Amino acid sequence: MLNLYLICVGRLKEKFYAEAVGEYTKRLSAYCKLTLVELPEERLPQTPSQAQIDAALAKEAAAIQARLPPRTSLVALCVEGRLRSSEEMAGLLSTWAHNSEKHLAFVIGGSYGLHPSLKARAWVRLSMSPMTFPHHLARVMLLEQIYRAFKIQEGSSYHK
């Protein structure tokens with residue numbers, strides 16, 4: 001069974017997001033061992049300088065790195081990432097399942113994104129859309145797409 005991690009900067013507060021995450025976590029339990037990790041977002045002033053943003057991203061990156069188990073492939077969700085179809089996502093999971101790494105971690109940054117060091121380390125950089133979404137909704141969307149990828153792999157009609 002695949003070991004997947006979803007590491008997110010920021011905590012879910014809204015009940016409806018938490019319920020959706022719970023539903024997809026339950027569905028995914030048939031396909032993988034999913035570990036959800038929430039890390040606090042660094043507090044910044046209302047109008048932070050670029051230096052303050054860079055320092056916050058570096059602290060968040062260190063916290064993310066500390067939670068990654070050894071032998072982990074990283075998928076960074078970022079605006080510079082590549083847009084992929086659901087079928088391509090299923091292909092990515094299938095490709096990863098055949099490599100030598102033990103864990104696969106999807107990482108969603110906070111409101112200022114991810115530190116460049118995480119993007120550089122990533123096995124894949126993934127973009128959900130050119131549109132901007134709340135990070136909590138992106139979490140739900142990603143879990144749904146991972147579930148859809150497993151359903152595509154098994155030949156289910158769910159993804160249609």
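Visitor: Before we look around, what do you mean by an exposed residue here?

Guide: Exposed means over 50% relative accessible area, while buried means under 20%. Bear in mind that this is a predicted model. With that cut-off, Lys-15, Phe-16 and Lys-26 count as exposed, on the face of H1 turned away from its buried side.

Visitor: Which residues of H1 are buried, then, and what makes them one face of the helix?

Guide: They're Tyr-17, Val-21, Tyr-24 and Leu-28. Seen down the axis of H1, the buried residues fall within an arc of 70°, so they line one face. As for what they sit against, the buried residues of H1 pack on strand S2 (32-39) and helix H5 (135-154).

Visitor: Why is His-136 called buried?

Guide: Its relative accessible area is 16%, and the cut-off for buried is under 20%, so His-136 qualifies. This residue belongs to helix H5. Leaving aside neighbours within four places in sequence, His-136 touches Gly-10, Arg-11, Leu-12, Glu-14 and Tyr-17.

Visitor: What makes the pair of His-136 and Arg-11 a polar contact?

Guide: A polar atom of the His-136 side chain lies 3.3 Å from the backbone oxygen of Arg-11, and the limit is within 3.5 Å. By that definition, the pair therefore counts.

Visitor: Why do S2 and S5 count as the edges of the sheet?

Guide: The sheet is open and parallel, with its five strands in the order S2-S1-S4-S3-S5. S2 and strand S5 (124-127) each have a single partner strand, so one side of each is left without a neighbour in the sheet. On average, neighbouring strands are turned by 30° against each other, direction ignored.

Visitor: How do you know that S3 and S5 are paired?

Guide: Pairing takes at least two bridges, and five join S3 (residues 72-83) to S5, so the pair passes. One of the bridges links Ala-76 to Arg-125 in S5. H5 packs on this sheet, touching S1 (2-9), S2, S3, S4 (103-108) and S5, and its direction makes about 165° with that of S1.

Visitor: What makes Arg-71 worth a stop?

Guide: Its phi is near 60°, a positive value in a residue other than glycine. You'll find Arg-71 in the loop between helix H2 (50-67) and S3.

Key. Residues numbered from 1 in each chain as written. Predicted model: local features only at pLDDT ≥ 70, side-chain atom pairs only at ≥ 80, totals over all residues. Heavy atoms only, no water. Buried < 20%, exposed > 50% of the residue type's maximum accessible area, 1.4 Å probe, protein only. Helix = DSSP H or I, 4+ residues; strand = E, 2+ residues; numbered from the N terminus. Arc of directions from axis to C-beta. Contact = heavy atoms within 4.5 Å. Polar contact = N/O pair within 3.5 Å; in protein donor to acceptor, adjacent residues only side chain to side chain. Axes fitted to C-alpha atoms, helices over the stretch in contact; angles between N-to-C directions.
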